[in-house]
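Please look at the chains first and then follow the sections below.

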Amino acid sequence: MWGAGHAVCLGPDIDTDMVIAGRYLRTKDHSVWVSHVFEDLDPALAGQLNGAVIVAGKNFGCGSSREQAAIALREAGVAAVIAPSFARIFFRNAINVGLPVIECTISCIEGEKVRFDLAAGWVEAAGNHYPIRPLSPRMREILTTGGLVNYWRGHR
Amino acid sequence: MSTLSERILGASAGEYVERKVDRAYVHDGTGVLTLEMWKQMGAELLSDLPQLYVLFDHIVPANNSTTATLQHELREFACGSFLHFSDIGGGICHQLMSEGVVLPGEVVVGADSHSCTLGAFGAFATGVGATDMAAIWLTGETWFRVPDSIGIHLSGSLRGGAEAKDLALSYVSRLTMDGGTYCALEFIGDGVKTLPMDDRLTLCNLSVETGAKTGMFYADDVTVRYLAAAGQKVRPQVPEPCTYSRELEFDLAEIVPLVAVSPRVDKVKPVQDLAGLSLDQVFIGTCTNGRYSDIARFAKIVKGKKVAVRTIVVPASRAVLAEAIRTGVLGDLVGAGCTIGSPGCGPCLGAHMGVLGEGEVCLSTANRNFKNRMGVGGEIYLSSVATAAASALAGEITEPEVD
C-alpha cells in the first residue's frame, strides 16, 4: 500500500464539522460532500485536494463520528492523511472507507511531494525519511481491499 | 487486577480483541449510511447476536423533503426488520439507552461519538462510524484495542452554584482536546457516591471531547437503585487495584461555575471572567444536559420571571417531557417565555430548530462549541444549566446564584 501526493498543510485539532459541516450530511450523493469539504475552514481547500497528501497537526478528525468526513476526503482525491495523532473514530472510519491514515510527525512544506509506503513502513517528504509504525495486518488488509465493505464482501 | 475496560473486554490494555457486541444503535443521521454500507456488503440477514436499535433524534421531525425521504427508507427498514425503533419525538439515542436499557458490564456500540455517555452504567460504551456499525449488523462483533485508562479521582461534593457540567469542563480543560485519545476515563474515589446517575451521564458524555474512547463509572448503589426504578435488577461492580496510565484529582468542593469559550471546548474560564458577554440565544438540552433534573433546575430559576433572550428548551426524551408536564415544570418554562422543542438533539448540530445567524452568540448546555457548528458565523459558549438560566434571565453571561 503505497502512494504519493502534494502536501496540503493543516493545523491541529481539525474537527469533522470542519471537514464537512452538519448542514450537508443529509444526502447519499457523495459529490455534495466533495464540493463542500473544508468549507468552514477554508473554501479554497476543496480545489487543492485531488492528488494531495494532507499533512495535519495533532488530533485530526476529532468530534462527530460522521463517516462522511472520511468519504469526502477520499472522494476528493486525497491520497492519504498524515498527522501526529488522530481522533480514534475518524481513524477507524478512514481505514474502513479505504483512506490511508498515517500517524507520523513530519515537517510540512506546502505543495512539496510526499511519498509513503504503509507495508514497508515509511514516509518521505522534502528529502527526509520518516519510519512509521506499521498498521495491524487486519487494518492493512481492509485498506488494500479498498475498505471494510469490500473486506466483508470477500470474507463471505 | 484490571481496569473496568480490561475486565469487560477480557484482555489487557494494548491488546486487540474481537468482541461480541451486546447492544448496537444508530440514529437517523448515521443510520442511513449504515444501511447503505450494510447493503453494499452483500448482506441479507442481520446478525441476531446484539440487540439492534434505530433511534431517530438528529433532525426530527424532518426539516425538508430530502431528509424526510432518507428517514422514510430507514424507518421502513427498521420496522420491516423488527429492529428496536424509536421515531420522531422519542428522544436522543443515548438518553433512550440510559432509561433502563444499558446494564453494567455490557459492550455497547453506538454510531455516534457521544455513545461514551453510557459508560456511566459501568458498561463499555463507545462510538463508531457507519461502516463499522454495518459490520456489526452483519457479524454481531467488532474489534477493539483495549484502552489504557486514566484515573480521575473525585473527592468531596459539589457545592454553591457548581454542577457536574462544571466538573466535566474542568477535566476537559485539564486533559485538553486530545489528552484522552485512545484511553478510557475511569471516575473513581469517595466523591463518586455523591453524584446521581444524571451527573454521571453528563461526566461520561464529555469524555469524547478529550479524545477518549469512553468514560466509565463502576456500578454502585446509586446505579443499582436507578436501574431498579427502571425495572432492571443488577449488581454493583467492585473496583480492583489497577494501573492507570495517568491520574487526575478533583476536589468537588473546589469546582466553580465555568464556561467553555468559542470555538474550543478545552478553552475554559470561570463564568465571572466572561460576565456581561451579550447573548442572542440560550439553549438547554442535548445528551449532555437535557435530562429531567436539568430542565427542572432551569425552570426553578426562571419560574415567575421572564427570559431576556430567546431561549430554547429541548427535553432529551419523551419521558423527560412527560415528567416535565406532570410536575408543572413545562408550564413554568412556557410562562417564563421559553420555547419548547420536540425531544431530540435540537439545534446542537446546526441543522434546525435554532440555527444561529452570522455574528450571533449562543450559550448552550451542549458539549461542542466548534466554529460554525450551530450556524455559519455563530459563536457557541458552553455552560451548566444554572449558568444558562441566570444568563437567560440577564441576556448576558451571568454567574448563577448560590442556593
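## Strand pairing in chain B

Two strands are said to pair if DSSP finds at least two bridges between them. The model discussed here is a predicted one, and in it strand 14 (residues 281-284) of chain B and strand 15 (residues 310-313) of chain B are paired in the parallel sense, with four bridges. Within this pairing, B:Gln281 stands opposite B:Arg310, which belongs to strand 15 of chain B.

Strand 15 of chain B also pairs in the parallel sense with strand 16 (residues 339-340) of chain B, here over two bridges. In this second pairing B:Ile312 stands opposite B:Thr339 of strand 16 of chain B.

## Domains of chain B

The domain assignment divides chain B into domain 1 (15-145), domain 2 (149-254) and domain 3 (258-394). The centres of domain 1 of chain B and domain 2 of chain B, taken over C-alpha atoms, are separated by 24 Å, and their contact takes 20 residues from domain 1 of chain B and 22 residues from domain 2 of chain B.

## Two packed helices in chain A

In chain A, helix 3 (residues 68-75) of chain A packs against helix 4 (residues 88-96) of chain A at an angle of about 45 degrees, and their axes lie 8 Å apart. Because of that angle, helix 3 of chain A is oblique to helix 4 of chain A, and the crossing of helix 3 of chain A and helix 4 of chain A is right-handed.

On the side of helix 3 of chain A the contact is made by A:Ala69, A:Ala70 and A:Leu73, while helix 4 of chain A contributes A:Phe90, A:Asn93 and A:Ala94. Sorted by class, this contact of helix 3 of chain A with helix 4 of chain A has five nonpolar residues, one polar residue and no charged residues.

Conventions:
Residues numbered from 1 in each chain as written. Chains lettered and ligands numbered in written order. Predicted model: local features only at pLDDT ≥ 70, side-chain atom pairs only at ≥ 80, totals over all residues. Heavy atoms only, no water. Axes fitted to C-alpha atoms, helices over the stretch in contact; angles between N-to-C directions. Parallel < 35°, antiparallel > 145°, perpendicular 65-115°, else oblique. Left-handed = near helix turned anticlockwise from the far one by under 90°. Contact = heavy atoms within 4.5 Å. Nonpolar A, V, L, I, M, F, W, Y, C, P; charged D, E, K, R; others polar. Domains from an automatic or database assignment.
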